Amino acid sequence: MPRARFALILVLAAALAGCDREAPKPPPAPAPAKSAPHVKEAPPQAEAPPPPPVDLAGLDEDAALVALMKHEVTNDGDADQQALARFAPADADTLLAKPVALLPDYLRPTAATAAAELAQSSLQLVEQQVPADIREAIRAKGKVKVLVVESCGADVGAAVGVPNDYDEGSAQQYLDQARFDAALERETLKPLALPADFRDVEGDRESIAALNRQLFELHGSGATRDILVVLDLSAGCTVEERPVTLVTDPPYESLRILPAFYFTVCGQRAEDPWSPEQCRWWETVTQPQTMGEGTYYYVAKWPDGLEKRGRFVIDDLVTEAVEEGHDTLTLDIR
């Protein structure tokens, strides 16, 4: 075979072999950069302030917080919030044998292993929190009314629009008390103070057992027809907070924020609710913050001397963006 023809055959063979190969894939396109969610300034309020939702005059700070939270939870149309402020009827077998069934679906773990562990631990929690003679009385009566408190601490973000770690998480104890007061009121009973260690999950829940003893004595005195029980099924709690950085364009020199709930409190108790000296819940933003859904008041100052104050709203779309990984919120307040 002539050399030239042999070379041609080799070229053709190489070309045919190349037809069997896949074309090289282009490099993957870079993922689009996530844009920071923008939070717009809320419309200004009317010149005349709205009437106060509840009269806080003459109340000390603790009582004022509880009173306003009680108003908020009793007037909330959300069924889940209402359930947390009411003694609900239950049969004795459910409380004593299947207490985990008293939890609403959204508070139960979805993983099978975790659900089984909670079902088992809830039996021990009932034994710790409901003294033996009260359990026997419930078994004999066949029914009971139970106030199941919110697992792993009261969620003040969902209830009153205050981030759960705001003011070092102090608001949760007031929300527990407000819900308890509302539940007692619905039973035509006077308020009872929750023990200071009500949420002490490290102990054996002696404080809740003592509280249930008080409620049982009310039943024994005829103050209530039903046996009332408070139950905390918190177990294996973990907290996941997603702090975000607040920015403005142009960048602020200083920024103070205040959840609307506290602005309402200070609006009745302070001569000037905008003053951090008169309203102690104002926080200066110096680092990433947890921002829950709700309305916030702000006082901002820029390097050119401009100072503004007003409101902005964190809505569900913004909170969803934060949950998806956004770590910056741009406040459109200038």
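Modeller: Ground rules come before the features. The model is predicted, so local features need pLDDT of at least 70, side-chain atom pairs count only at pLDDT 80 or more, and totals for chains, interfaces and linings use all residues. Residues are numbered from 1 along each chain as its sequence is written, and side-chain values use heavy atoms, with hydrogens and water left out.

Biologist: How many disulfides are there?

Modeller: A disulfide is a covalent bond between the sulfur atoms of two cysteines. The cut-off is a pair of cysteine sulfur atoms within 2.5 Å. The count here is one. Cysteine 266 is joined to cysteine 279, S to S 2.0 Å. The pair links distant parts of the chain, 13 residues apart. Cysteine 266 sits in helix 10 (residues 260-269). Helices are DSSP runs of H or I, at least four residues, strands are runs of E, at least two, and both are numbered from the N terminus.

Biologist: Is cysteine 279 buried or exposed?

Modeller: Buried means under 20% relative accessible area, exposed over 50%, partly exposed in between (1.4 Å probe, protein chains only). Cysteine 279 is buried because its relative accessible area is 0%. Cysteine 266 is buried too, at 4%.

Biologist: What does glutamine 129 contact?

Modeller: Contact means heavy atoms within 4.5 Å. Leaving aside neighbours within four places in sequence, its partners include Arg205, Asn212 and Val230.

Biologist: Which strand order does the open sheet have?

Modeller: Strands of a sheet pair through backbone hydrogen bonds, either parallel or antiparallel. Pairing needs at least two DSSP bridges between two strands. The order here is 2-3-4, with mixed pairing. Strand 3 (residues 143-148) and strand 4 run parallel, joined by four bridges.
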